[in-house]
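Take a look at the model below. This report walks through a strand, a cavity, some rings and a few loop residues.

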Amino acid sequence: MMGAFALQTVDTELTADSVEWCPLQGCRHLLACGTYQLRRPEDPPADPRARCHIPVAGHALLGLADASGSIQLLRLVESEEKSHVLEPLSSLALEEQCLALSLDWSTGKTGRFPVSRARDQPLKIISSDSTGQLHLLTVNETGPKLQKVAAWQAHQFEAWIAAFDYWHTEIVYSGGDDGLLRGWDTRVPSKFLFTSKRHTMGVCSIQSSPHWEHVLATGSYDEHILLWDTRNMKQPLADTPVQGGVWRIKWHPFHHHLLLAACMHSGFKILNCQKAMEEKQEATVLASHTLPNSLVYGADWSWLRFRSLQRAPSWSFPSNLGTKTADLKGAGELPTPCHECTENSDGAGHARPQSGMKPLTERMRKSGTWLQATAATTRDCGVNPEEADSTFSLLATCSFYDHALHLWECEGNGA
């Protein structure tokens, strides 16, 4: 089993629906939290933001799918004051009168060596919208600038999620409110490769494993997480009930068998998928946290490697980016832990958990789009995934109705 300890809770003011840690070395102490301004009760949340796993033109890029129906690229730059700023770089409207509901980069596969691409392979983004369409975009890296390559009707209702097969990036998967899971070859996007009706309600989360070729995880409003071998999509390898609609799933960046799930009313769960893959049985739930009066939509693992956090972080947030109904908020820099960090612990190597809501100040609200550095000294520890400490993981979750961003430290890896 794993133990999860709450380190910090932040009041995001607006309803929070996505959180993404930066995977790039040197920026792994940064995370972005997206929020949504509800206009009507029936409005769905505009969802995820996603980090590109490689630098583009020397910068870290954040992709944003917003409620105005656009995909935006934001560039992370360091200001003269040593704080980090997200600068709008490029924007592309998907369709008129739609919400952009998801995006995924083609660079998600991790490994011992940095992700590399052949010169003839463009950097790609797949996105989905509220009309049921998928949109394939490329990024002109000299600009960088977004360009639409193809768009096609994938689902009858909202296409909640679209994601690349990280091992074969011409293949993408999609899930919709029609309850269908589909696969597509982007070279011939007019015809699906397969359709699965195995989920009984809307499919809203998909992620290809960045560690295991042919392994796919999917989640649905039906409160089940399915693991698949993409070579045979007739039946899943494993079916795990999680007692909550599965809005987001994320594979751990280093521990291949760990899967994090944002399960709406059921909080978040951490699953061990090792035996599920080997023996075709339910995944083991290692940790489960239900947060009162919350609807957990966003969850992500940190790429930082550490034994235990020195101290709880200080937080700062940016203000509106100018989108119509979506807002992007970013957490301030965390004190980056290293293997030698033992200060401010309880004497046994555990960080002292700190809690309490920390609201935005008036100064933060008026200061513009920025990520404020608050740690005196930060540094990334380790380069290769195999250097990751096997004991501790850091993750963040965000919840919808209670306007909260939570930082968690998890002890144990369930191996």
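How many of the residues of strand 3 (residues 31-36) are buried? Six of its six residues are, so the strand is mostly covered, where buried means under 20% relative accessible area, exposed over 50% and partly exposed in between (1.4 Å probe, protein chains only). Strands here are DSSP runs of E with at least two residues, numbered from the N terminus.

This is a predicted model: local features need pLDDT of at least 70, side-chain atom pairs count only at pLDDT 80 or more, and totals for chains, interfaces and linings use all residues. Residues are numbered from 1 along each chain as its sequence is written, and side-chain values use heavy atoms, with hydrogens and water left out.

In strand 3, both faces are covered. L31, C33 and T35 are buried on one side. A32, G34 and Y36 are buried on the other. Strand 3 pairs with strand 2 in the antiparallel sense, over six bridges. Two strands pair if DSSP finds at least two bridges between them. Opposite C33 in strand 3 stands V19.

**The largest cavity**

Rolling a probe the size of a water molecule over the atoms shows where empty space is left. On a 1 Å grid over the protein atoms alone, a cavity is a set of points where a 1.4 Å probe fits but cannot get out. Grid points are joined across faces, edges and corners, and a volume is the space filled by probe spheres set on the points. The count is three cavities of 30 Å³ or more. The largest cavity holds about 410 Å³ of space.

Its lining has 27 residues, each with an atom within 4 Å of a point. E20, H53, Y166, Q207 and K250 lie nearest the centre. Several strands give two or more residues to this lining, among them strand 2 (15-21) and strand 20 (248-251). Strand 20 gives the largest share, four residues. By class, the lining has 17 nonpolar, four polar and six charged residues. Ala, Val, Leu, Ile, Met, Phe, Trp, Tyr, Cys and Pro count as nonpolar, Asp, Glu, Lys and Arg as charged, and the others, Gly among them, as polar.

**Rings**

The structure holds 12 aromatic pairs. Rings of Phe, Tyr and Trp (its six-membered ring) pair if their centres lie within 6.5 Å; planes under 30 degrees apart count as stacked, over 60 as edge-to-face and the rest as tilted. Two of the pairs are shown here.

| Pair | Centre distance | Plane angle | Kind |
|---|---|---|---|
| Y173 and F194 | 6.2 Å | 45 degrees | tilted |
| F400 and Y401 | 5.2 Å | 70 degrees | edge-to-face |

Y173 lies in strand 13 (residues 171-175) and F194 in strand 15 (residues 192-196), so their pair ties together parts that are 21 residues apart in sequence. Y173 is buried at 4% relative accessibility, and F194 is buried at 17%. F400 is buried too, at 4%. One aromatic cluster is formed by W160, Y221, W247, Y297, F400 and Y401.

**Loop residues**

M264 lies in the loop between strand 21 and strand 22. M264 is not a glycine, yet has a positive phi of about 55 degrees. M264 is buried at 8%. H403 also has a positive phi, near 55 degrees. H403 sits in the loop between strand 27 (392-399) and strand 28 (404-411). At 25% relative accessibility, H403 is partly exposed.

Note on methods
On a 1 Å grid over the protein atoms alone, a cavity is a set of points where a 1.4 Å probe fits but cannot get out, and a pocket is an open set with protein on both sides within 12 Å along at least five of seven lines; lining residues have an atom within 4 Å of a point.
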